Amino acid sequence: MKHLVITIGCEYGAGGPQIGKMLASALGFEYYDRDLVDSVVARIGVEKDLVEKADKEKNVHYSFDTTLGPRYANLTNRVISAQFQVIHEMAEKSSCIIIGRSGNYILQDRDDVLNVFIYAPLETRVRSVMEQEKVNQKKAEEIISYNDEQNHSRHKYITGTYRGDRKGRHLLIDSSVLGWEKTAQYLLMMVEMLEEK
């Protein structure tokens, strides 16, 4: 199989990471999701909790010591910059699936990338979060609302566009139509057809 990178953007609770894992397993591709945070932590040497906060929010500041005393900088920008580098390295190294992190935007100059966005109706996402995270409906709605707001805000901050915008995506798919497993199978068929192209 020729070199291919699949970026999967997704709404929270629509099954993007789970579908991505199934697809990576079927294709024998590397799978990157939370590993990106670990790679950034290793690269910039800042505590993981702070990097995770900066990974979700804008304008997260951190202090560092200098000969003139402590100084402050925007850690969010540093995390984004490190993620750009890490994602380019991962894409270069081997065929892989990258979940979120505005991968479609970061890798927009490559011609070996398939950009997918997975979404689902809110009620389906609420049921999914209730099941996956063992919470009640109200809590699931709060979790979705919080994550949607953070993810949309971060993507807009990095790219100037909206996450579900069709520009910069090759395929937008509602995972509730086929379910997660069959959505992964559908994407697998698409990859196989790309191979034949």
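Student: What share of the 197 residues in the protein is buried?

Tutor: In this predicted model, buried residues make up 45% of the 197 residues. A residue counts as buried when its relative accessible area is under 20%.

Student: How do you know that threonine 183 is buried or exposed?

Tutor: Its relative accessible area is 0%, and the limit for buried is under 20%, so threonine 183 is buried. Threonine 183 belongs to helix α9. Apart from neighbours within four places in sequence, threonine 183 is in contact with Ile19, Ile173, Ser175 and Leu178.

Student: Where does helix α9 lie?

Tutor: Helix α9 (residues 180–196) lies across β1, β6 and β7 and runs at about 155° to β7.

Student: What makes serine 102 stand out in its phi?

Tutor: Serine 102 is not a glycine, yet its phi is positive, about 55°. Serine 102 sits in the loop between β5 and α5 (103–106). Lysine 134 also has a positive phi, near 55°, and is a residue other than glycine. Lysine 134 sits in the loop between α6 (122–133) and α7.

Student: Why is serine 102 called buried, and why is lysine 134 called exposed?

Tutor: Serine 102 has a relative accessible area of 6%. Buried means under 20%, so serine 102 is buried. Lysine 134 has a relative accessible area of 72%. Exposed means over 50%, so lysine 134 is exposed.

Student: What is the strand order of the open sheet of five strands?

Tutor: The order is β2-β5-β1-β6-β7, with parallel pairing. Because β2 and β7 (171–174) each have a single partner strand, they stand at the edges, and one side of each is left without a neighbour in the sheet. Neighbouring strands of this sheet are turned by 20° against each other on average, direction ignored.

Student: How do you know that strand β1 and β5 pair?

Tutor: Strand β1 (residues 5–10) and β5 share four bridges in the parallel sense. Pairing requires at least two bridges, so β1 and β5 count as paired. Threonine 7 has isoleucine 98 in β5 as its bridge partner.

Student: How many bridges join β1 to strand β6, and how many are there between strand β2 and β5?

Tutor: β1 and strand β6 (residues 113–119) run parallel and are joined by six bridges. Isoleucine 6 has leucine 114 in β6 as its bridge partner. Strand β2 (residues 30–32) and β5 pair in the parallel sense over three bridges. Tyrosine 32 has isoleucine 98 in β5 as its bridge partner.

Student: What is said of the two faces of strand β5?

Tutor: Both faces of strand β5 (residues 96–99) are covered. Cys96 and Ile98 lie on one side, Ile97 and Ile99 on the other, and all are buried.

Student: Why are α3 and α4 called roughly perpendicular?

Tutor: The axes of helix α3 (residues 48–56) and α4 cross at roughly 85° and come within 8 Å. Angles of 65 to 115 degrees count as roughly perpendicular, so α3 and α4 are roughly perpendicular to each other. In this contact Leu50, Val51, Ala54 and Asp55 of α3 meet Leu75, Thr76, Val79 and Gln83 of α4. By class, the contact of α3 with α4 has five nonpolar, two polar and one charged residues.

Student: What makes α4 roughly perpendicular to α7?

Tutor: Helix α4 (residues 75–93) and helix α7 (residues 137–159) pack at an angle of about 75°, with axes 12 Å apart. The range for roughly perpendicular is 65 to 115 degrees, so α4 is roughly perpendicular to α7. The contact involves Thr76, Asn77, Ile80, Gln83 and Phe84 of α4, and Arg154, Tyr157 and Ile158 of α7. By class, the contact of α4 with α7 has four nonpolar, three polar and one charged residues.

Student: How do you know that the radius of gyration agrees with a compact globule?

Tutor: For 197 residues, a compact globule would have a radius of gyration near 16 Å; the protein has 18 Å, which agrees. The C-alpha trace spans about 60 × 45 × 25 Å along its principal axes.

Student: Among contacts between residues at least 6 apart in sequence, what share joins residues at least 24 apart?

Tutor: The share is 67%.

How values were computed:
Residues are numbered from 1 along each chain as its sequence is written. This is a predicted model: local features need pLDDT of at least 70, side-chain atom pairs count only at pLDDT 80 or more; totals for chains, interfaces and linings use all residues. Side-chain values use heavy atoms; hydrogens and water are left out. Buried means under 20% relative accessible area, exposed over 50%, partly exposed in between (1.4 Å probe, protein chains only). Axes are lines fitted to C-alpha atoms, for helices over the stretch in contact, and angles run from 0 to 180 degrees between N-to-C directions. Angles under 35 degrees count as roughly parallel, over 145 as roughly antiparallel, 65 to 115 as roughly perpendicular and the rest as oblique. Contact means heavy atoms within 4.5 Å. Ala, Val, Leu, Ile, Met, Phe, Trp, Tyr, Cys and Pro count as nonpolar, Asp, Glu, Lys and Arg as charged, and the others, Gly among them, as polar. The radius of gyration is taken over C-alpha atoms; the globule rule is 2.2 Å times the number of residues to the power 0.38.
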